Amino acid sequence: MARAHWISRDTLVWEPEQLKDGATVRLHTDPAGAMHLSGTGVVGGEALTLTRSTSGLSAEQQARFPQLVGRPVFKLAASEVARVPAMLKGQVALSVTDPDGKPADATGLQLAGVLDDTDLYTGPLGVSFERGRPTLRVWAPTARAVSVRVFEDARPSSAFVSVPMTEGEKGVWSVTGDPAWYGRFYLYEVEVYVPREGATFVNLVTDPYSVALSTNSTRSQLVNLATSEFQPRGWSQLAKPALAAPEDIVLYELHARDFSIHDLTVPAEERGTFKAFTRDSDGMRHLSRLARAGVTHVHLLPVFDFATVNEDAASRREPEGDLVSMPPDSAEQQARVAAVVDADGFNWGYDPLHYTVPEGSYSTNPNGPTRTLEFRQMVQSLNQHGLRVVMDVVYNHTHSAGQDARSVLDRIVPGYYHRLNDDGNVETSTCCQNTASENAMFEKLMVDSVVTWAREYKVDGFRFDLMGHHMKSTMLHLRAALDALTVEKDGVDGKSIYIYGEGWDFGEVQNNQRGVNATQRNLAGTGIGTFSDRLRDAARGGGPFSGIQDQGFITGLSLWSNGTPQGTPAEERARLLHDTDLIRLGLAGNLRDFSLVDSTGKDVTGAQVDYNGSPAGYAEDPQEVITYVSAHDNETLFDAVQLKAPRAATLADRVRMHNLGISLVALSQGIPFFHAGDELLRSKSLDRNSYNSGDWFNQLDWTYQRNNWGVGLPPGQENQDHWPLFRPLLADPALKPAPADIQRALEHFEEMVRIRKSSPLFRLRTGDAVKRQVRFENTGPGQTPGLIVMSISGEGTDTPDARAVVLFNSGVTQQTFQAERYRNLALVLHPVQKDSTDPFVRAASFDAPSGTFTLPARTTAVFLSPPPGGLPPDGEDGCSTTGGSASVLTALGLLAGAALRTRRRRT
């Protein structure tokens with residue numbers, strides 16, 4: 001138990017079970033770690049009497065340790081402060097003795113605060129080279145001794161030499177080696193007292209700052225990433241695809257193994273690897289097609305070194321038997337996947353082992369630096385195909401802690417890197433071992449790692465898993481570190497690197513319990529993006545923790561019941577109208593001070609619209625919001641529609657529902673985000689959590705022949721309670737998309753992204769522009785349910801007459817909408833939709849004399865004024881002012897001045 005906190009050299013915080021007036025509190029120390037507790041109190045070591053502070057924590061300490069405010073504070077005598085670094089290398093404890101000398105309580109200590117005070121280090125860590133000589137540095141302030149073992153190679157039996165390291169200032173141990181060490185493998189040998197175990201251990205551990213590893217990460221490797229052997233031809237001259245502002249980004253979330261493991265146009269030995277991104281394959285041709293339409297960034301699920309896939313491909317196992325011929329509602333497929341679930345080649349990878357090394361299972365040779373070269377080749381190829389690259393990074397937890405063999409950080413500085421609860425145990429609200437970015441040296445590791453990916457691998461963006469578990473200050477420091485990177489100095493423009501993440505607020509950090517954390521609301525005004533669950537839930541229906549068949553805007557809520565109990569007709573209508581408000585706010589970038597008329601008829605701001613007890617609007621700027629309806633988590637969009645749509649809905653109805661969800665994302669202000677395969681009706685056979693469901697349930701087909709619907713009941717661990725619901729759906733051949741359905745979905749996706757790309761009206765640069773230029777019709781209690789009418793004007797620009805009117809009809813019938821302000825305007829259907837392969841959207845119309853729009857069921861239509869003169873050719877940015885791509889913008893009057901084009905990031 002470690003219920004006390006040593007927060008600075010002279011300050012300790014502890015709330016004993018009882019603390020009587022006149023009681024004595026002592027700090028006990030023992031470099032040998034031999035103290036123990038008996039009936040008479042703490043036995044062994046040295047005891048130092050503390051004095052109780054009458055002033056409590058300072059303002060700075062309260063901000064750093066808000067969870068400790070109000071607890072008793074104790075001070076160490078000034079004469080003893082110089083001894084603190086030495087004390088921290090041994091066993092420490094606190095005790096309290098009643099005035100009559102009777103022991104009352106005792107506890108161990110949490111040391112993160114005092115280590116930040118005594119040993120905060122800002123210099124380089126890991127391996128650096130000067131004139132060919134490597135210097136190794138590791139931060140281990142509580143270690144008693146540190147050596148480095150240098151191995152000839154990665155074989156378990158290879159010879160090694162053990163070289164002592166020297167402790168310098170701030171707890172950093174270092175050694176300078178011989179140039180002959182280059183390319184060899186190494187481990188740190190750390191002698192350290194482990195409070196949780198009550199004993200001293202000698203740990204052999206890899207380098208937290210590793211940049212290269214052996215197969216399965218058993219040893220670090222001494223290499224220099226700046227050398228030419230790791231650089232593809234033309235790497236230093238790599239040109240990035242143009243990006244004028246964050247609001248121009250369109251994100252496409254993709255799993256590296258999913259991308260190619262089933263692609264027969266990729267050489268067999270390269271399927272599922274980084275190398276597959278360099279081939280002229282079906283997959284790369286598909287990505288190029290999306291880039292031409294307007295997708296700008298490929299967001300890769302974790303591609304750093306993670307723990308749960310064996311990097312030795314020959315040692316893996318895959319499901320046995322002919323899964324293809326099994327019935328679509330069979331449980332046999334998932335049983336065979338489950339039989340090899342932890343021995344196959346698939347995992348999402350949200351279990352970090354080393355933060356700054358590419359994952360070896362995605363390399364054709366995981367032993368050594370090949371993974372570095374192939375990762376860079378992947379980035380280079382994607383950039384050359386018009387796509388920037390985002391890494392999904394997981395700094396919020398580690399795979400293991402304590403003395404586990406796959407625990408790296410905790411075996412070097414026990415108890416420091418992870419967030420601890422009041423008893424001193426590691427918090428696990430992220431479902432793994434939570435890290436603590438409020439601790440300075442973990443923040444440094446995190447920032448140093450991100451900068452390495454940006455500088456050495458030319459990564460263009462970072463998505464932070466469970467970002468709300470990090471402190472806001474950490475994210476701002478990270479943003480500043482990226483902004484400092486320049487092409488001249490570092491080879492990259494750090495200011496063009498976009499960062500975003502999950503701003504959820506839960507667990508031990510909820511409501512700023514450990515400091516101001518990086519949540520949706522707290523990041524307003526920073527320019528850092530967060531995923532918005534508002535539009536997602538309102539569009540699909542329900543949420544991740546509500547009824548699986550709850551309906552929403554696109555799935556028939558109130559307008560076409562699926563027969564499940566969701567309230568009275570009046571309650572369903574009220575929920576639909578409120579969900580529609582949430583969607584309108586999402587279309588306007590989830591701005592907290594955006595004005596709209598809500599479903600009750602009140603004039604409200606975004607912050608006044610309710611979302612499960614929280615403000616629906618929270619952002620200040622559109623770049624701070626990621627809008628989506630589907631991601632790797634939970635059911636795919638198509639699977640959600642299959643579950644929520646009325647049983648009588650035809651496949652054609654369901655495809656239109658799905659496509660309507662795509663439209664809402666593509667035409668919203670802010671940053672649109674799509675899960676790979678959204679454009680192809682992707683299914684995971686109703687699996688809601690496919691993180692370990694193998695290639696079978698996660699497969700993508702770039703030939704557009706199948707979408708993976710009906711490949712068996714999804715894995716029982718997460719889904720078995722719903723199998724009775726799933727079986728008849730999966731078994732129904734009328735619900736299985738044909739290639740023509742998949743093709744139509746792809747064409748719809750391309751049309752929506754091309755429309756977004758064609759006009760800056762769909763990519764407004766500032767919150768002020770959105771508030772000024774976006775408005776909604778058909779609002780209030782008398783609105784036509786299921787119909788959203790959004791107008792985006794050129795107000796405040798050089799061309800105030802420019803206008804786009806977008807209508808979303810989720811209803812089961814054709815709808816009309818008339819407004820006097822549109823009488824006699826020269827509005828025409830967007831040329832992309834005029835030439836659409838969808839006959840329904842081609843039938844959408846506008847009658848100028850009456851100002852009336854007519855919109856078919858489950859259709860999105862975009863009307864423009866004045867009429868456009870053409871569209872940018874595929875592959876050209878609609879923001880360009882040269883060549884043919886300017887014609888549509890000139891006609892729309894959108895070649896406006898700095899009001900639209902100026903990028904603003906508040907810091």
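**Strand pairing and burial in a predicted model**

In this predicted model, four strands make up an open sheet in the order β11-β12-β16-β15, with antiparallel pairing.

Visitor: What makes β11 and β15 the edge strands?

Guide: Strand β11 (126-130) and strand β15 each pair on one side only.

Visitor: Why are β15 and β16 called paired?

Guide: Strand β15 (residues 166-167) is joined to β16 by two bridges, again in the antiparallel sense. The requirement is at least two bridges, so the pair qualifies. T166 stands opposite S174 in β16. The hairpin of these two strands has four residues between them, and K170 there adopts a positive phi near 60 degrees.

Visitor: Why is T627 called buried?

Guide: Buried means a relative accessible area under 20%. T627 has a value of 1%, and it is therefore buried. T627 belongs to strand β34 (residues 625-627). Apart from its neighbours within four places in sequence, T627 is in contact with L535, G586, V665, S668, Q669, I671, P672 and F673.

Visitor: How do you know that the buried residues of α6 lie on the same side of the helix?

Guide: In helix α6 (residues 332-339), the residues Q333, Q334 and V337 are buried. They cover an arc of only 90 degrees around the axis, which places them on the same side of α6.

Visitor: Which helices do the buried residues of α6 pack against?

Guide: These residues pack against α15 (694-698), α16 (716-719) and α17 (723-731).

Visitor: What makes the span of α8 close to the expected one?

Guide: Helix α8 (residues 440-457) has 18 residues, and the distance from its first C-alpha to its last is 25 Å. Just after α8, K458 takes a positive phi of about 55 degrees.

Visitor: Why is α8 described as largely enclosed by the rest of the structure?

Guide: Of the 18 residues of α8, 14 are buried, so the helix is largely enclosed by the rest of the structure.

Technical notes:
Residues numbered from 1 in each chain as written. Predicted model: local features only at pLDDT ≥ 70, side-chain atom pairs only at ≥ 80, totals over all residues. Heavy atoms only, no water. Buried < 20%, exposed > 50% of the residue type's maximum accessible area, 1.4 Å probe, protein only. Contact = heavy atoms within 4.5 Å. Arc of directions from axis to C-beta. Expected span 1.5 Å × (residues − 1).
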